[in-house]
Every structure is written in structure tokens, then in C-alpha cells.
Amino acid sequence: MNVRKTRSLTAFWYWLSRFWTDPDATSELANYYRARQIDSLSRQLPLASSATVLIVILCSFFANGLINSDFMIAWSLSLLIIAAGDVIAWYLLVKRKIENTGSKRVQFLLALMLGLAAVLYAQMTTV
């Protein structure tokens, strides 16, 4: 990779890290706001899971015979696994009231599940 591309990537990552973090915020303050975000998101997970199950049912019904059945099975199972993970996360974070300290790991896992679901939804529109 040439020097110009390396500098561009370095500048991009610097910009991205500055965009997602506040250099003046203490770690306690960052954890507090992250915990509030996680709490807010986790309360919406049952609705998101219900919507996902409904979408899988409707897409399976209307796309029956139009789309490769192997793709539909893999797509449906992937979304249903993510929906189950959402319900488990909701149960642990809201119902069992596991202490939410604003962990970056929990934030990453929630973002990963929601991001994967978004990619799968987008994939269905391209088939």
C-alpha cells in the first residue's frame, strides 16, 4: 500500500474515533451514558424480535416458490436466531436486572446483533 493511502486511512480512523468519543469525558461519564443507551435499547428488543418473527413469516409466505428455498431457510433461521438472541438479551438486562455498567462488550454485542439483522433485511431486497 502506498504512503498516500496509508495516510488517508490513518486520517479516516482518527476522524472516526474522534466522532464516536468525547476526549473530555471521563470514563465514569462515558459508562453512565453508555449504560443509559444500553438500557433504552434493551427495552425495545421484544418489539424488534416480534417484528422480526412477523417479517420472516410474511416473507416465507409470499416468497414461497419465488426464491431459492435453501436461501430462504438460511435467511429465516439466521433472523430467528438473532431474534432469540434479542429476547435473551432483553431478559437478562431488563427482567433479571443484571447490573448494566455500560460495558463496551454489551454495547458491541447489541450493535452486532442489530447490524447483522439489518444486513439480512437488506439482503432480502436484493434477491
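Trainee: Which helix does Ala74 lie in?

Mentor: In this predicted model, Ala74 is part of helix α3.

Trainee: How far is Ala74 from Gln44?

Mentor: Their C-alpha atoms are separated by 25 Å, and the two residues are 30 positions apart along the chain.

Trainee: What is the extent of α3?

Mentor: Helix α3 covers residues 69–95, which is 27 residues. From the first C-alpha to the last it reaches 37 Å, close to the expected 39 Å.

Trainee: Which residues of α3 are buried?

Mentor: They are Phe71, Met72, Trp75, Ser76, Leu79, Ile82, Ala83, Asp86, Ala89, Leu93 and Val94.

Trainee: Why might residues three or four places apart point the same way?

Mentor: An α-helix has 3.6 residues a turn, so residues at that spacing face the same way.

Trainee: What covers the buried residues of α3?

Mentor: The cover includes α2 (27–62) and α4 (104–126).

Trainee: And what is found at the start of α3, and just after it?

Mentor: At the start, a side-chain oxygen of Asn68 comes to within 3.0 Å of the backbone nitrogen of Asp70. Just after the helix, Lys97 adopts a positive phi of about 50°.

Trainee: Changing topic, how many aromatic pairs does the structure hold?

Mentor: It holds 2 aromatic pairs. Tyr32 and Tyr33 make an edge-to-face pair, with 5.1 Å centre to centre and 70° between the planes. Phe61 and Phe62 also pair edge-to-face, at 5.0 Å centre to centre and 80° between the planes.

Trainee: How accessible are Phe61 and Phe62?

Mentor: Phe61 counts as exposed at 61% relative accessibility, and Phe62 is exposed as well, at 59%.

Trainee: What about Tyr32 and Tyr33?

Mentor: Tyr32 is partly exposed at 45%, and Tyr33 is partly exposed with a relative accessible area of 45%.

Trainee: Now the overall fold: how many helices and strands are there?

Mentor: The protein has 4 helices and 0 strands. Its radius of gyration is 19 Å, well over the 14 Å that the globule rule gives for 127 residues, so the protein is more spread out than a compact globule.

Trainee: What does the C-alpha trace span along its principal axes?

Mentor: The trace spans about 55 × 50 × 15 Å.

Trainee: What share of the residues counts as buried?

Mentor: Of the 127 residues, 21% are classed as buried.

Technical notes. Residues numbered from 1 in each chain as written. Heavy atoms only, no water. Helix = DSSP H or I, 4+ residues; strand = E, 2+ residues; numbered from the N terminus. Expected span 1.5 Å × (residues − 1). Buried < 20%, exposed > 50% of the residue type's maximum accessible area, 1.4 Å probe, protein only. Contact = heavy atoms within 4.5 Å. Polar contact = N/O pair within 3.5 Å; in protein donor to acceptor, adjacent residues only side chain to side chain. Phe/Tyr/Trp six-rings, centres within 6.5 Å; stacked < 30°, edge-to-face > 60°. Rg over C-alpha atoms; globule rule 2.2 N^0.38 Å.
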